[in-house]
Amino acid sequence: MTPTSDASRQLEAALLQRIAAGDELAFAQFYDRFSPGLYSLVYRVLRDEKESEDVLQEGFAHVWRRAETYDPARSSAFTWAVMVFRNKAIDRLRLRMRRARTLDGAAEESLRFPQQDDRSAGIAELREQQSTVRAALTQIPAEQREAVELAFFGGLTHEEIAEQLAAPLGTIKARIRRGLLKLRETLKGAL
């Protein structure tokens, strides 16, 4: 290892120690130093710009809250950060896959066990409305759709959603509100 890389590793470890002590300037320096590479890593996993930005925000919030868990004897600061962000990206990918499986399962279930009165006009109209709403959900941004689905299909409270997505409560409430407004705008005249 070259002296420069040793000095760089020491500087990065010192930044994390300062972050653990609540030093906002150290956090800003850490962010500036690592955010481009970490964003690229997250984007390679998710292939979605908005979700990658959200995961980057969640990851840096985790760094701020959990910097004291970094152990310079075990890894470099960058390696530690890569593991944090990689895990956050994989968690988001798993959530996306679970949500898709749940929606697919619900669609299959409704086809396998049709209601006895499916022939009636009322049920047909309801199914058409459900299809219209599902299509409209795909039109809103991913982070808003995720929050809306967790709230209305997952039955989670705003606090539970904030905890599950590792995002501030105010951010979750704003995502749900913006998502519902965009959903209403998309559905205007369709239902």
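In this predicted model, the residues that line the second largest pocket divide into 6 charged, 4 nonpolar and 1 polar. The pocket itself has a volume of about 160 Å³, and of the 11 residues in its lining, those closest to its centre are Arg 99, Leu 103, Thr 138, Arg 145 and Glu 149. Three helices, H4 (77–112), H5 (121–137) and H6 (142–152), each supply at least two residues of this lining, with the largest share, 5 residues, coming from H4.

Helix H6, which contributes to that lining, also packs against another helix: the axes of H6 and H8 (residues 169–187) come within 8 Å and cross at roughly 95°. Because angles of 65 to 115 degrees count as roughly perpendicular, H6 is described as roughly perpendicular to H8. On the H6 side the contact is made by Glu 143, Gln 144, Ala 147, Val 148, Ala 151 and Phe 152, while H8 brings Arg 175, Ile 176, Arg 178, Gly 179, Leu 180 and Lys 182. Taken by residue class, this contact divides into 6 nonpolar, 2 polar and 4 charged residues.

Elsewhere in the chain, Gln 29 has its place in helix H2 (residues 24–46). Is Gln 29 buried, exposed or partly exposed? Its relative accessibility is 34%, so Gln 29 counts as partly exposed, since that class lies between the limits of 20% and 50%. Leaving aside residues up to four places away in sequence, Gln 29 touches Leu 15 and Arg 18. The C-alpha atoms of Gln 29 and Glu 12 are separated by 9.3 Å, with the two residues 17 apart along the chain.

Key
Residues are numbered from 1 along each chain as its sequence is written. This is a predicted model: local features need pLDDT of at least 70, side-chain atom pairs count only at pLDDT 80 or more; totals for chains, interfaces and linings use all residues. Side-chain values use heavy atoms; hydrogens and water are left out. On a 1 Å grid over the protein atoms alone, a cavity is a set of points where a 1.4 Å probe fits but cannot get out, and a pocket is an open set with protein on both sides within 12 Å along at least five of seven lines; lining residues have an atom within 4 Å of a point. Grid points are joined across faces, edges and corners, and a volume is the space filled by probe spheres set on the points. Helices (H or I, at least four residues) and strands (E, at least two) are DSSP runs, numbered from the N terminus. Ala, Val, Leu, Ile, Met, Phe, Trp, Tyr, Cys and Pro count as nonpolar, Asp, Glu, Lys and Arg as charged, and the others, Gly among them, as polar. Axes are lines fitted to C-alpha atoms, for helices over the stretch in contact, and angles run from 0 to 180 degrees between N-to-C directions. Angles under 35 degrees count as roughly parallel, over 145 as roughly antiparallel, 65 to 115 as roughly perpendicular and the rest as oblique. Contact means heavy atoms within 4.5 Å. Buried means under 20% relative accessible area, exposed over 50%, partly exposed in between (1.4 Å probe, protein chains only).
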